[in-house]
Amino acid sequence: MMAGEIDGPERREVVIVLRTIGPARPSRLPVPSPVKVHDLRKLIAEKSHLPIGDLRIILRGKVLDDTKDGDDMCVELIDGDSLIAAVKPKSPVRRSHDGVDTDDDEDDLKFHLPQSSSWWKRKMFNLLHDKLKLPDILLMAIFSLSLKTWVLIILWFILAPVAYRWDLGPLYILATGFMIILLNLGQRQSGDLSAYSIFNEGFRELPGTLNADRLDRDIRTGQI
């Protein structure tokens, strides 16, 4: 096996023997070689009608992994190679004390990096998840932020000691708070009204707004 990109002109088509665990007979499958493990799993899943998410491929006694250290893994196949396709069995359903299944809730809390993610995100995910063993909740928070946001956060920590050295710490924190508010105000579409009438054209209020003028009008008209 090897990691990295596949050079097009060197690829060739080979025929492998595909064996599945169960009563199904072995079958032959033409595949390109070398080929990415993820693409190979996809071909086998379509051929054998197996769920790709739980599919494991075994070649020469070793389980093939899609990625290693954030890089896509490739495999070199030859004619007549025998692959074993096995579906990972699901763990038994665990129930909480009130009888509610907990497996679905645990799966929702697990963070999975999309397959279309860039190489540097896969590298970082491998470092944080596999090496540092960070919890999935923290990984969700880290990867939900854009690259621009991370640049601003790093820049803030770089400038913080400078502000402290010039006795501008409180002003620096206040300015940070105002910047966070201004950057999260968003933009209104044409025709949208603000909840604060002072920001609307002609000081127009939202329907149902309760204020002193509304109370005074209701009292004068006998509605209260």
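Which helix gives the most to the lining of the second largest pocket? H5 does, with seven residues. The views below come from a predicted model.

**View 1. The second largest pocket and its lining.** The volume of this pocket is about 560 Å³. Its lining counts 14 residues. Nearest the centre lie Leu152, Ile153, Met179, Ile180 and Leu183. Two helices, H5 (147-165) and H6 (169-183), each supply at least two lining residues. H5 gives the most, seven residues. Sorted by class, the lining has 10 nonpolar residues, three polar residues and one charged residue.

**View 2. Packing of H5 against H6.** The two helices pack at an angle of about 150°. Their axes are 9 Å apart. Angles over 145 degrees count as roughly antiparallel, and H5 and H6 are therefore roughly antiparallel to each other. Their crossing is right-handed. From H5, the contact takes in Leu155, Trp156, Leu159, Ala160 and Ala163. From H6, Gly169, Tyr172 and Thr176 meet them. This contact of H5 with H6 has six nonpolar and two polar residues, and no charged ones. Both helices also supply residues to the pocket lining of View 1.

**View 3. Packing of H3 against H4.** Helix H3 spans residues 119-131, and helix H4 spans residues 136-143. Their axes come within 11 Å and cross at roughly 155°. H3 is therefore roughly antiparallel to H4. The crossing of H3 past H4 is right-handed. On the H3 side, the contact residues are Lys121, Met124, Phe125, Leu128 and His129. On the H4 side, they are Asp136, Leu139, Ile142 and Phe143. By class, the contact of H3 with H4 has six nonpolar residues, one polar residue and two charged residues.

**View 4. A cis peptide bond at Pro34.** What is the geometry of the peptide bond from Ser33 to Pro34? The bond is cis, with omega near -5°. Most peptide bonds are trans. Pro34 sits in the loop between strand S3 (27-33) and strand S4 (35-36).

**View 5. A positive phi at Arg60.** Where does Arg60 lie? Arg60 is in the loop between strand S5 (55-59) and strand S6 (62-63). Its phi is near 55°, a positive value in a residue other than glycine. Most residues other than glycine have a negative phi.

How values were computed: Residues numbered from 1 in each chain as written. Predicted model: local features only at pLDDT ≥ 70, side-chain atom pairs only at ≥ 80, totals over all residues. Heavy atoms only, no water. 1 Å grid on protein atoms, 1.4 Å probe; cavity = no way out; pocket = protein on both sides within 12 Å on 5 of 7 lines; lining within 4 Å. Points joined across faces, edges and corners; volume = space filled by probe spheres on them. Helix = DSSP H or I, 4+ residues; strand = E, 2+ residues; numbered from the N terminus. Nonpolar A, V, L, I, M, F, W, Y, C, P; charged D, E, K, R; others polar. Axes fitted to C-alpha atoms, helices over the stretch in contact; angles between N-to-C directions. Parallel < 35°, antiparallel > 145°, perpendicular 65-115°, else oblique. Left-handed = near helix turned anticlockwise from the far one by under 90°. Contact = heavy atoms within 4.5 Å.
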